[in-house]
Amino acid sequence: MQIRRVSFDHPDAMKLNDQVQAEYAVRYGDDGDATPMAAADFDPPNGIYLIAYDEDGTPVASGGWRAQDDNGEGNVDGDAELKRMYVIDGMRGRGLARRILAALEEDARAAGRIRMVLETGTKQPEAIALYTSSGYEPCAKFGYYRFHDASRCFAKGL
């Protein structure tokens, strides 16, 4: 596996984003994650977007973080928000998400962020298991889905 930094609007990032959105739509019975995001949100030093490629150069996993500060949606100064963590179906269970997560945490720490936060949902038990086993703990809800019952938010000090 090779993990590369790309822009959020890179064709491979868009392809994986479309796939994760389709999965969210199936799991939650809606149109996917409606959280507003822009490609510039993931531009260093205020964020990063990573894609893991297999030996054939096929994009198989992704994830990014973007800087968040006190914004009236529950974020606090110094937050790095984890977004679009995704591994394609045939590559799950190989530790790719954990490798991307570690790289994102390291990058956010180097950028001076003090806390990694994420929002996921009750219909994503695999995600919740990954994050809790990686040291994330439940935190006050934040972001676009903070008022939804199925929303679960987690944080980890960097």
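**Figure 1. Arg-84, a buried residue of strand 4.** In this predicted model, Arg-84 is buried, with a relative accessible area of 5%. Arg-84 lies in strand 4. Its phi is positive, about 55 degrees, although Arg-84 is not a glycine. Most residues other than glycine have a negative phi. Arg-84 is also one of the residues touched by Gln-21, which is the subject of the next view.

Figure 2. Gln-21 is placed in helix 1, which covers residues 11–28. With a relative accessibility of 17%, Gln-21 counts as buried, because the cut-off for buried is under 20%. Leaving out residues up to four places away in sequence, Gln-21 touches Gly-32, Asp-33 and Arg-84. The side chain of Gln-21 reaches the backbone nitrogen of Asp-33 at 2.7 Å. Gln-21 and Asp-31 are 10 residues apart in sequence, and their C-alpha atoms are 7.4 Å apart in space.

Figure 3. The peptide bond that runs from Pro-44 to Pro-45 is cis, with omega near 5 degrees. Most peptide bonds are trans. Pro-45 lies in the loop between helix 1 and strand 2.

**Figure 4. Strand 2, with both faces covered.** Strand 2 spans residues 47–53, and seven of its seven residues are buried, so the strand is largely enclosed by the rest of the structure. On one side are Gly-47, Tyr-49, Ile-51 and Tyr-53. Strand 2 pairs with strand 1 (residues 2–5) in the antiparallel sense, over four bridges. In this pairing Arg-5 stands opposite Leu-50. Strand 2 also pairs with strand 3 (residues 59–68), again in the antiparallel sense, over seven bridges. Here Ile-48 stands opposite Trp-65. The hairpin of strand 2 and strand 3 has five residues between the strands, and in this hairpin Gly-57 takes a positive phi near 85 degrees.

Figure 5. Seven strands form an open sheet in the order 1-2-3-4-5-7-6, with mixed pairing. Strand 1 and strand 6 (137–138) stand at the edges, each with a single partner strand, so one side of each has no neighbour in the sheet. Strands of a sheet pair through backbone hydrogen bonds, either parallel or antiparallel. Strand 5 and strand 7 (residues 151–157) pair in the antiparallel sense over seven bridges. Leu-118 stands opposite Phe-154 in strand 7.

**Figure 6. Asp-79, a buried residue of strand 4.** Asp-79 lies in strand 4. Asp-79 is buried, with a relative accessible area of 0%. The side chain of Asp-79 reaches the backbone nitrogen of Val-76 at 3.1 Å. If neighbours within four places in sequence are left aside, the contacts of Asp-79 are Arg-66, Ala-67, Gln-68, Asp-69, Arg-113, Arg-115 and Val-117.

**Figure 7. The buried side of helix 3.** Helix 3 spans residues 125–133, and its residues Ala-127, Leu-130 and Tyr-131 are buried. These residues cover an arc of only 90 degrees around the axis, which puts them on the same side of helix 3. An α-helix has 3.6 residues a turn, so residues three or four places apart point the same way. The cover over the buried residues of helix 3 includes strand 4 (79–87), helix 2 (96–110) and strand 5 (115–121). Just after helix 3, Gly-135 takes a positive phi of about 95 degrees.

Figure 8. A disulfide is a covalent bond between the sulfur atoms of two cysteines. A search of the whole structure finds zero disulfides. The sulfur of Cys-139 has its closest cysteine sulfur in Cys-153, at 5.3 Å, which is too far for a bond because a disulfide needs the two sulfur atoms within 2.5 Å. Cys-153 counts as buried, at 4% relative accessibility.

Figure 9. UniProt, in an unreviewed entry, lists residues 1–158 as "domain: N-acetyltransferase". The C-alpha atoms at the ends of residues 1–158 lie 25 Å apart. This span is 27% helix and 29% strand.

Methods:
Residues numbered from 1 in each chain as written. Predicted model: local features only at pLDDT ≥ 70, side-chain atom pairs only at ≥ 80, totals over all residues. Heavy atoms only, no water. Buried < 20%, exposed > 50% of the residue type's maximum accessible area, 1.4 Å probe, protein only. Helix = DSSP H or I, 4+ residues; strand = E, 2+ residues; numbered from the N terminus. Pairing = 2+ DSSP bridges. Arc of directions from axis to C-beta. Contact = heavy atoms within 4.5 Å. Polar contact = N/O pair within 3.5 Å; in protein donor to acceptor, adjacent residues only side chain to side chain. UniProt positions renumbered as here; feature names shortened; annotations may be inferred.
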